[in-house]
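Here's a quick briefing to read with the model open in your viewer. Have a look around first, then work through the points below.

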Amino acid sequence: MSFGCTRAVALEGLTGAPVEVECHIGDGLPAFTVGGLPDTALRQSAERVRSSLVVLKQSVNQRRVMINLSPAAIAKHGTSYDVAIAIAVLACLRTIPQDACRGVTHLGELALDGRIRPVRGILPAVMAAAAHGFRHVVVPTANVGEARLVDGVRVSAYETLQDLFDAYTSLARGASLPQAPPVEASSPGQRRCVDLADVAGQHEARVALEVAAAGGHHLMMSGPPGSGKTMLAERLVTVLPRLSDAAALESLAVRSLLGAVDTKEGLDKTPPFVAPHHTATMAALVGGGSGQVLPGSISQAHRGVLFLDEAPEFATSVLQSLRQPLESGRVVIARARRSVTYPARFQLVLAANPCPCGMGFGKGLACRCRATERMAYGARLHGPLLDRVDIRIEVPPLTRSGLTGEVGESSAEVADRVAQARAVQAERWGPSGWQLNSQVPGSVLRRSPWRLPPEETADLDRALDRGRITLRGYDRTLRTAWTVADLRGKTTPGRAELALGLMYRAAEGVQR
């Protein structure tokens, strides 16, 4: 009887659990069995591992091999266990030192010829290994840049199982695998950088965009086709502050689960910008899947911007699914036997035409829509979802004067003011655990010492009494007014700032 053991990581969402990969080779009919709640792809690893071992001249085709993935009660998904299973078998055969591989976490998929292929989810897997005290990981060479983003972890990378086998067999007693060399940074690509100065005219919309960026407020823009709504939304991330290392890693970990990570230029600290098509399903937007539960667009936009162009064209159920993540900053995807939680703290930007044909602006003389069509179109965005949007503006069609006028401020100039306003907010709310005005509960703003004088809030109080806004709208108007005051250098908002916040709140947007 012989026994071998090494380590892997079981991912459930962004949460990872350490897994002991145990191998036992005994007497009996030839077999290669994988236990511990593997999915279909993992059960098929037996054939990939067996073929790869033949390349090493370490065949187990005539042996009875039992692999156990412990703890066996946790479901295991994917092909990232292949390398760990192969190493456990080699340790069981005593062809590599057991003490050298027992505490090492191995990640990677095997080809039939022994090549180690990259896998998705390397970053959260390495982060999970480090969180549980395991400081040495072996990854595919193609994933080494991603793995090296985690501090305090020794990363070894190999192209083939033969290379890894040779490295283990050549180790002196008590030694460990060499660390992978640093990844050479590639030269910046020729990708064109967008700038807020590209937007012609639209002064009011630019101001609203700046307020939204400074306070982290959700934004809705309504206007005819070609008025610049998409251009404005795309440039929101250019005026947002760059992410901290921790926030950038958290955002990148979500994309790692989908295999959409490029680390050739190091850790990308630019806030993500995600713009799903209006035909996206609820699973595509929120997340889901029949086997492994994958993150959707709202989690991919974590710490960044989620832009829904042609928002009324999205299915009503898809739009309403945004309500809970907007409030909690996370999304919980429930299944029969488990639930998976993904982060989803994003800034929502909606864009819509004034009516189905898009020509219902101004006097609407060119509009061909029936009244019932307009009402049905507008009703898709009204109600609980729109009540959570702080700033609603109309983006008019561009005129010749706007086209020939002075060029607007650049993203860098606006970003400086946004950073200063955010610094003021962090100093004000930091001791209470908040960073932005949009995160402050309304109950705090309505009580001492932050409650504003009645003479300042008279217009806002009157709007609440007359039913023009809800209590949620009241609180969100207060938050917007505080952000406007921060941008203007005032210590507290006055009647003018509250009036601007109420104006943003009262804009009709889509015509009904």
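Is helix H8 largely enclosed by the rest of the structure or largely exposed, and why? In this predicted model, 10 of the 13 residues of H8 are buried, so the helix is largely enclosed by the rest of the structure.

**Helix H8**
- H8 covers residues 203-215, and at 1.5 Å a residue its 13 residues should span 18 Å; the end C-alpha atoms sit 19 Å apart, which agrees.
- The buried set includes Ala-205, Ala-208, Leu-209 and Val-211, along with Arg-206 and Glu-210.

**Nonpolar cores**
- The largest nonpolar core has 55 residues, and Val-139, Ile-298, Leu-306, Leu-308, Leu-322 and Phe-346 have the most contacts inside it.
- Helix H5 (residues 122-131) gives this core its largest share, 7 residues.
- Looking past neighbours within four places in sequence, Val-139 touches Leu-107, Ile-122, Val-144, Ala-147, Val-155, Ser-156, Ala-157 and Tyr-158.
- Another core, of 43 residues, lies apart from that one, and Cys-23, Leu-42, Ala-91 and Cys-101 are among its members.

- Mean pLDDT for the protein chain is 89, with 95% of residues at 70 or more.
- Residues 187-191 stay under 50 in pLDDT, and the model has 3 contacts for them beyond four places in sequence.
- Residues 508-512 stay under 50 as well; for this stretch the model has 23 contacts beyond four places in sequence.

Notes
Residues are numbered from 1 along each chain as its sequence is written. This is a predicted model: local features need pLDDT of at least 70, side-chain atom pairs count only at pLDDT 80 or more; totals for chains, interfaces and linings use all residues. Side-chain values use heavy atoms; hydrogens and water are left out. Helices (H or I, at least four residues) and strands (E, at least two) are DSSP runs, numbered from the N terminus. The expected span of a helix is 1.5 Å times one less than its number of residues. Buried means under 20% relative accessible area, exposed over 50%, partly exposed in between (1.4 Å probe, protein chains only). pLDDT is the predictor's confidence in each residue, from 0 to 100. Contact means heavy atoms within 4.5 Å. A nonpolar core is a set of buried Ala, Val, Leu, Ile, Met, Phe, Trp, Tyr and Cys residues joined through side-chain atoms within 4.5 Å.
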